[in-house]
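Subject: The two-chain model, and what turned up in it

Hi there,

Here is the model I promised to pass on. Please have a look at it first, and then read my notes below.

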Amino acid sequence: MRALRTVFTLMMLFFNHVLWSQTQVQTRYGDRLFVGELLLRVFGPDCKTIVEKEVFNKPHIFGGPCDPYSQRLVKVKEGYKTVGPREKCSESFFSQYRADLIVENSPLRSGAIAKVCQSLSQKKACLNHALKGIDKEKDSIEEIFRLFYPIGHERLLGEFKMAFEDVSRKKSIDHKFLLKLFCQSEEWQIL
Amino acid sequence: MRRTLAAFLTLILLGLVGCQELPQKTPSISSVDAAKVLKNRCLDCHRDYQNFKDEDFIKRGLVVPGKPQSSFLYASLRNSDSGAEQTMPPKEAGDPLSPEEVLALKKWIEKIKVPEVKVVELETFSKGGDLLSEAEIFSRCYGQWLRSPLPRHHTLLKKIEEGKLSGVQACKVLLNKASLEKEAIVNSDEGRKLIQTFQSLHRSWFSELNLYNTDEQWGNFEIYDPGNLAAYFTYSLFHSKKDLASIFRGKTSYELIRKSDARREYFIFPYQETSAKPLKLKNFSFGSGEEKGEDVYPPWKIRPIPTGEIVGIRPAPKKRDILPTMVDTRKGQKEFHGQRVYHLNQDIRLGRGGGILGDPLFLLLNMKMEIGKASDGGKRIPRKWATSIFKDFMCRDLPVVPIPRAKKYIRKDSPLSFRQKASCVQCHMSMDGIAGLIRNFEVNYSVDSGLGRYIQTSHIRARKSTKTSATPILGDGDEKYSLEPARGLLAFQSRSGLYYEREVASLEELGDFIAESSDFYQCMSKRYLYFLTGINLDLDGKDLSSGHERVLWQFNQKLALRLQDHQSLRQLIEDIISSPLYRDRHYLQNMKNEKQREPAQYDEASY
């Protein structure tokens, strides 16, 4: 009986080991700081409130723990506020302190990106800042694509161009649409 | 799956058949003398050795280049001076190796060079040919390490475009911007971001960062920064003269240098439910409990921990933060003895030896003992500290010894249930064993009370050893235990199978052991591999896992071997970013697809 139990335990251990290997291969996404800074670069400093609320303050969705020791509390007219560098915590001291460094893509993350891109492209100041440098003489797809993909990604650009080939031949594609499309695309977030 | 099952059955069959005498050839290794020893003394049972070259012994974890003591093949020899359990050749197979034979094997391993990091099989997953350009490689490391997008007009990017630098070279130049060799403070914005990112990475390796764990010690947050533990690694990364093993040596602790334009007026920790009226630092005192009456404590002018942006790291200055007095309990706590006051003038940043293992912060975070109570060697043992050592520095969860090893420590007559069963002893012998090294430590208060304007903080105090060693390390509980000189039992089986069971007398000795352990280096390379590529390798799944896991495990092992040799975290990063894992845009996707396929093509030969 005892031998049977040992054999059974050994078998369970063996199959457990074989079937539930723990190595995980996950796409390495940029964290809230990377995503937030890129969006600020594209849409301009006037959009900081939106980016802060939707990206910087969401370490659990985008990854990137906060550092409570990076911040200081100061008195202001309306009461008190926390000042500090980009690593400061927005709330809940400990849960943000221990947030993961890298977070894989998830429906929550995709949703959050869609939301922030929508909000940014709806705000006139943000939209204007993003599109002010676009050269109308040049290919608008590439010009706007390069806001989010400043370096490389030639194959992806080619795929986008091909997808819009028929449409762009007939009429120019709405810049706001392109901006939102590239903003919501996933690859620029991958590091 | 079929292949792994076959391997399992083969193992069983081999076990049944045992050693056989078959014609043998001499292994083609780099030492003729060692090859002769292997042929004459080992091949009877280990027949596969006859086809091995040096690299085959390395691949299989039998040999650590240049380090006989850490090599399974050498360390498990009877008559070797390794400190590991020595069982080879088995007694029933004959005499141990002669000193000359042992020496031949030792010399051979000492002369083997660490292999290049290239793992040919890594290329297997690089199928699409869609490689990152040099500029994209730089953009990738820049984004990862600074957590900012690469500016289009970055000077290093220009140099890449001009063909003066490769992507990997530019990443290396970038990393040097946070160098701490000349100055403790980094002035460039990029350098600071580098330190902040890697500090964040290293902080995530610690399983315990919460100082709020015993008797409302929230004042601890004001004088300790748990992130300072991670500074050991960050300092080693950015200071080329601080090799990785130095983390486990000495009594120096490290601290982050921070800077802020705002004045620090309030507490860090939001102690109150509402932030409408935060607590002002100047209204409280960290030391000096009673200034008059029968208890006269000297005042303690502690400098609260700096806050603000991290701008550098330095060794904590000695004799700066001196705590004049400690008390081992509050007055009137009936379950304790009467309050004792200790005038020790203790440097609260000074380590207790063994580098980070004896750092006061690491001890405080992990002691998990009631204030004023020291270990009794039975129920009351700082087990979390021991568990964290295995987890935080070696990526090992308990148990770290196999059940049969635990049997000799089982005591059916013990009043403690966890000393009676092998499944319990299996963990307790490792935990309780090394926790014996901090048996003299207990947590004390800085002042009598946390009420009113006095902020309590807690600190480690060492009891003086007044007894001679008499109690067993794995005992049933004895008040004398904490008054005996520190000694512990190291019971540990490395991933490569080396088994250690010996007494250790100091934290320094334990630190030396970890710094020599291949498990530590494998853990480090695994963590960096994850940070840089997103691959979270299961270090314990090497033998029976899928094709890509075996290749990754092999790659990680090579990284670890090299790390153990060069001792540089910067070089480790360079090794990883120079590999196809980092360069191929679709590498991970190929690997994910591979995971879903039967890995038939990755047979033992290709491995």
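I'll begin with a cysteine pair in chain A: Cys47(A) and Cys126(A) form a disulfide, with 2.1 Å from S to S (a disulfide here is a pair of cysteine sulfur atoms within 2.5 Å). Before going on, a note on the ground rules: this is a predicted model, in which local features need pLDDT of at least 70 and side-chain atom pairs count only at pLDDT 80 or more, while totals for chains, interfaces and linings use all residues. Residues are numbered from 1 along each chain as its sequence is written, chains are lettered from A and ligands numbered from 1 in the order in which they are written, and side-chain values use heavy atoms, with hydrogens and water left out.

**The disulfides**

Over all chains, the search of the whole structure came back with five disulfides. The link of Cys47(A) and Cys126(A) is left-handed, with -135° about the S-S bond. Cys47(A) sits in the loop between α2 (32–43) and α3 (48–56) of chain A and Cys126(A) in helix α7 (residues 124–131), so this pair ties together parts that are 79 residues apart in sequence. (Helices are DSSP runs of H or I with at least four residues, strands are runs of E with at least two, and both are numbered from the N terminus.) Cys47(A) is buried at 1% relative accessibility, and Cys126(A) is buried at 0%. Buried means under 20% relative accessible area, exposed means over 50%, and partly exposed is in between, with a 1.4 Å probe and protein chains only.

Cys117(A) and Cys183(A) make another disulfide, at 1.9 Å from S to S. That link is left-handed as well, with -80° about the S-S bond. Cys117(A) belongs to helix α6 (residues 107–122) of chain A and Cys183(A) to helix α11 (residues 175–184), so the bond ties together parts 66 residues apart in sequence. Both cysteines are buried.

In chain B, Cys395(B) is joined to Cys523(B), with an S to S distance of 1.9 Å. With 70° about the S-S bond, this link is right-handed. Cys395(B) is in the loop between α13 (383–394) and α14 (403–406) of chain B, and Cys523(B) is in helix α17 (residues 518–533), 128 residues away. Cys395(B) and Cys523(B) are buried.

If you number the bonded cysteines of chain A in sequence order, the pairing reads 1-5, 2-3, 4-6.

**Cysteines without a partner**

Cys42(B) is in no disulfide, and the nearest cysteine sulfur, in Cys45(B), is 9.1 Å away. Cys42(B) is buried, at 13% relative accessibility. For Cys424(B), the closest cysteine sulfur is that of Cys427(B), and at 8.1 Å it is too far for a bond. Cys424(B) is partly exposed, at 26%.

**Helices of chain A**

Helices α7(A) and α11(A) pack at about 90°, with their axes 11 Å apart; the axes are lines fitted to C-alpha atoms over the stretch in contact, and angles run from 0 to 180 degrees between N-to-C directions. That makes the two helices roughly perpendicular, a term for angles of 65 to 115 degrees. Leu127(A), Ala130(A) and Leu131(A) of α7(A) meet His175(A), Lys176(A) and Leu179(A) of α11(A), where contact means heavy atoms within 4.5 Å.

Helix α8 (residues 140–148) of chain A has eight of its nine residues buried, so it is largely enclosed by the rest of the structure. Among the buried ones are Ile141(A), Ile144(A), Phe145(A) and Phe148(A). The cover over the buried residues of α8(A) includes α2, α7, α9 (154–163) and α11 of chain A.

**Chain B**

Chain B has 21 helices and nine strands, and 57% of its 607 residues are buried. Of its contacts between residues at least 6 apart in sequence, 68% join residues at least 24 apart.

One loop residue to look at is Thr468(B), between β6 (458–462) and β7 (488–493) of chain B. Thr468(B) is exposed, with a relative accessible area of 65%. Leaving out residues up to four places away in sequence, Thr468(B) touches Glu484(B) and Pro485(B). The C-alpha atoms of Thr468(B) and Lys480(B), twelve residues apart along the chain, are separated by 9.4 Å.

Best wishes

Terms used. Angles under 35 degrees count as roughly parallel, over 145 as roughly antiparallel, 65 to 115 as roughly perpendicular and the rest as oblique.
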